Amino acid sequence: MNAFNVDEHMLALGAQAKTAAALMARADAATKNKALKALARRLRDAGPALQEANARDIERATAAGLSAPMVDRLKLTPKVVATVAEGCEQLAAMPDVIGEIIGMRQQPSGIRVGQMRVPIGVFGMIFESRPNVTIEAASLAIKSGNAAILRGGSEAIESNKALALLVGDSLVEAGLPFEAVQLVQTTDREAVGRLIAMPQYVDVIIPRGGKGLIERISRDAKVPVIKHLDGNCHVYVDDTAELDMALTIVDNAKTQKYSPCNAAEGLLVARSVAAAFLPRIGAIFAAKGVEMRCDPATAAILRAPDALPAGAKVVDAVESDWSEEYLAAVISIKVVEGLDAAIAHINHYSSHHTDAIVTRDHVNAQRFLREVDSASVMVNASTRFADGFEFGLGAEIGISTDKFHARGPVGIEGLTSLKYVVLGQGEIRT
């Protein structure tokens, strides 16, 4: 496409989304749920055609030399498709929050004042790699009564086109506008610049991808942005931790899958349990080929004779390791004096995404929950649970490390706004 056509395409998408948003805002719960159930059914029935489209993306990405974690993100496996289909059904089963009035109070003047939850309107979603995001974004748009313009990565264009068609057909089946969820049909990067600069049509932008993409959008957008830059997540093993539990949690948080933003990138261990814990977790990491970037205290323990099997990857950490999001089989490890030092380290180096403590001390757990300044804070659980589906939101459109307007996994409520409503019986102000 040339520049003129990209501009024309994006303006058309914006105008259509604005019109569709008005229809979505007044759709009742039954109609929206019908579309979600239809989408779940179509996803399950689309197997071969969907796999064929996905295979073309994977073949092209492999030929282009994309890294293994990036190719892994592209895959629409039967499990991935089943998960997003289940997410649609989970959303359909959830209460409809649109139109809900909260905090209604009568004032001395006689008026009653409260707040009503309403759709945001039109959101633009810019994402990379994972094509399942198309369905997560679409399903949340439907449930929340919004319209969406989706711009996926060029590496997943065939998969995204196939998925977007399923969404559009499901909307029409339920009597909703096909244009309520639109996919940008070009891979031209100029489309992104246009999408983030259409305040007349787009109410909020949600980027989901690499740090460079999100920094660019945050810098150039002319509409509000809900974002997180990276996922440098930590697990802290406290003095009182049950070490078998800590082993299971740390192993899962790091190695269950390396590519997601909620995978642990940093491990902090209280000094009093370091000698007992580190060789055990180190052996697990060594067996799985995880490189351990260690502070001097950790390195001394792991390099001791017979501490780890031959071939274990133990290297000295540098300052940048403490703030790094690896998205790979690499983890930074540091021995800390205790809870205060762990909290200070996390608040200084983390990306404020997700951080966890393993402890049997209730007071320490409560302090960690209160004092760690992250969007999701966990006690005795893997950071991999920081996900809209796992949190019971049905799906997520992303994870926000902002403090406004939404924080943490962004589900239905994160795609709504509150407006004041006033109910009176003829009152006037005197």
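The model is a predicted one, where local features need pLDDT of at least 70, side-chain atom pairs count only at pLDDT 80 or more, and totals for chains, interfaces and linings use all residues. Residues are numbered from 1 along each chain as its sequence is written, and side-chain values use heavy atoms, with hydrogens and water left out.

**Pockets**

- The largest pocket has a volume of about 1,300 Å³. A pocket here is an open set of points on a 1 Å grid over the protein atoms alone, with protein on both sides within 12 Å along at least five of seven lines. Grid points are joined across faces, edges and corners, and a volume is the space filled by probe spheres set on the points.
- H5 has the largest share, with six residues. Helices (H or I, at least four residues) and strands (E, at least two) are DSSP runs, numbered from the N terminus.
- By class, the lining of the largest pocket splits into 17 nonpolar, 17 polar and 16 charged residues. Ala, Val, Leu, Ile, Met, Phe, Trp, Tyr, Cys and Pro count as nonpolar, Asp, Glu, Lys and Arg as charged, and the others, Gly among them, as polar.
- The second largest pocket holds about 290 Å³ of space. Of the 13 residues lining the second largest pocket, Glu128, Arg151, Gly153, Arg189 and Leu213 come closest to its centre.
- Strand S3 (122–127) and helix H9 (211–220) each give two or more residues to the lining of the second largest pocket, which has five nonpolar, three polar and five charged residues.

**The cavity**

- There is one cavity of 30 Å³ or more, a cavity being a set of grid points where a 1.4 Å probe fits but cannot get out. The largest cavity has about 40 Å³ of space.
- Its lining includes Ile206, Lys227, His228 and Val410. Strand S6 (204–208) and strand S14 (399–400) are the elements that give two or more residues to this lining.

- S4 (residues 147–151) is mostly covered, with five of its five residues buried, that is, under 20% relative accessible area (1.4 Å probe, protein chains only). On one side lie Ala147, Ile149 and Arg151, on the other Ala148 and Leu150.
- S3 and S4 run parallel and are joined by five bridges; two strands pair if DSSP finds at least two bridges between them. Gly124 has Ile149 in S4 as its bridge partner.
- S4 also pairs in the parallel sense with strand S5 (residues 181–183), over three bridges, and Leu150 stands opposite Leu183 in S5.

**A three-stranded sheet**

- An open sheet of three strands runs in the order S1-S2-S16, with antiparallel pairing. Strand S1 (101–106) and strand S16 (416–423) are at the edges with a single partner strand each, so one side of each has no neighbour in the sheet.
- S1 and strand S2 (residues 112–119) are joined by four bridges, and Ile102 has Gln115 in S2 as its bridge partner.

How values were computed
On a 1 Å grid over the protein atoms alone, a cavity is a set of points where a 1.4 Å probe fits but cannot get out, and a pocket is an open set with protein on both sides within 12 Å along at least five of seven lines; lining residues have an atom within 4 Å of a point. Buried means under 20% relative accessible area, exposed over 50%, partly exposed in between (1.4 Å probe, protein chains only).
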